[in-house]
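Trainee: I would like to go through this model with you. Please show me the sequence and the structure.
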Amino acid sequence: MEINEELVRKVASLARLNLTDEEVKKFTPQLKDILNAFSHLDRVNTDNTDPSFQPIPIRNNTRHDEPHASLSQEIALKNAHHTKDGYIKGPRAV
Amino acid sequence: MISDFVKSVQQGKIDPVHHIRSALEEVKNINQQFHYCTTIPEQSALAESKEAKTGRLAGVAVSVKDCICVKDIESTAGSAILKGYHPVMDATAVQRLKDEGAIIIAKTAQDEFGFGSFAVNVGIGMEIPKNPVDPERACGGSSGGSAGLTRKVSFPHVSLAESTGGSIVCPASFCGVYGLCPTYGVVSRYGLMDYANSLDKIGPMATSVDDLKLVMDIIGHMDPRDSTCTGPQHAKVIQKPRIGLLKSSFAQGVDPKVQSAVREFVEKLKRSGFSVSEVELPLTEKYGISCYYLISMCEASTNLAKFCGMRYGAHEPLDGNFNEYFSKVRSKYFNEESKRRIIIGTFARMAGYRDAYYLKAMRVRTKIIEEYKKIFTSVDILLSPTMPILPPRFADIGNLSPLQQYMMDIMTVGPNLAGLPHLNIPAGSVEGLPVGMLLIADHYQEQTLLACAKVLE
């Protein structure tokens, strides 16, 4: 896979980042370097190896399905700047 | 030592209000030059000190890494995108310290979201913390503020830090303090702002082994609010652990001055009757860095998706559609290293690349864990220098490429990937600069590490 400026812009847009031309120029060779270095993992034979999504075995820990108090609407909205009628106000969808 | 101080508070010999007032003055003075604190919550600290007469940390001043939530105190994970965010709850670890009478006196500086090894990748508009013994050098990262403050203050103090790939032991090494990163899951992550969920651990920094142990005993418990929390598991303490020196860490690529400082401590262990042999971890040494950075960047890029300027932190006027608004806020307030890691992590999770990068790294991690498990059948503690270099000058860090900076984590990524407990012990100094020694043990062997560190203290 060729890491080029076009790809960097595409990935940035998927990640909701607007990069300046300067940032694209700076990141492209760095990303190429980094991903090339990481690609050597290919050399490890992992044919019969499961992925470790956690470093230690963890079973499904579930809590009892019982109702309990949650944050009040007022507290939940305390950190939001754009609010209306007890809700968070977001940008328009389209 | 903290326990002596606490006894004096409990007996009424020390007035916690007076003590905290002077502690805050000292922290403010230190902060002017060294920039260890993102917030110094004077009012709440003084108010809390009036109530602090009981508990195992009665009246003890505690600082908390900025990525760990403290109720009503600005907590930003060192990032401008969280400026103004005041958590509505305490992290479980913070709550447990408060329940024992601790007073939160500072939130500490860090690389933004933990993305760095030198605490130079601070958020936009934030100050870089400086090494306590030489302000022209880095204090290490990412928990740099915690380590620097722990070294610098004159009063009894512990800090709550956090490690994903070495962020506790690295700065502890560069600042010459103790730092313990526990087994993954022993300390609840509830209230910690995630960097990489399968790697993040909260742990203490202190100036003595007893103080580390005291804090670990308080914070290391089950928590129903974190489904990955296991608590301590009470593994049997190994009385005379067999020490394995990591051969490659006493070789080319590691500053010879660092090597010889650590070797002096190895001799001390031998004289104390510990058996010491040389061991190797070929897979971890070769692939640990790549494996760690791929996993952590993939997880970070999903975690950072939630910062979009709506529910908390930085915001902008609500114009444009949601894509335009989110992109505007994120582009303006994330720093360069965050953007770099988000892009790499997003790329490595994209359709067509996910198996080659993300899943591959997860499989290599399994092999790395197996390699450690095998070595722990022949030795009980692995020993190496913590960092391959002395604390670097800021000017020299600027000359390193991002990849070269990542390579500095060569000693610390292994135990972090495998979720193993590890501890930095101050191992003297070279030319006045602190050197750190790293001890790694099998899962849940925190107490064995602490006992071994105690012998060397």
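Mentor: Start with a definition: two residues are in contact if their C-beta atoms, placed from the backbone, lie within 7 Å. This is a predicted model; local features need pLDDT of at least 70, side-chain atom pairs count only at pLDDT 80 or more, and totals for chains, interfaces and linings use all residues. Residues are numbered from 1 along each chain as its sequence is written, while chains are lettered from A and ligands numbered from 1 in the order in which they are written.

Trainee: Which share of the contacts in chain B with a separation of 6 or more comes from residues 24 or more positions apart?
Mentor: Take the contacts in chain B with a separation of 6 or more. Residues 24 or more positions apart account for 78%.

Trainee: How many residues does chain B give to the contact with chain A?
Mentor: Chain A gives 46 residues. The number from chain B is 54.

Trainee: Which helix gives the most to that side of chain B?
Mentor: Helices here are DSSP runs (H or I, at least four residues), numbered from the N terminus. Among those giving two or more residues are helix 9 (282–303) and helix 12 (355–375) of chain B. With 11 residues, the most comes from helix 12.
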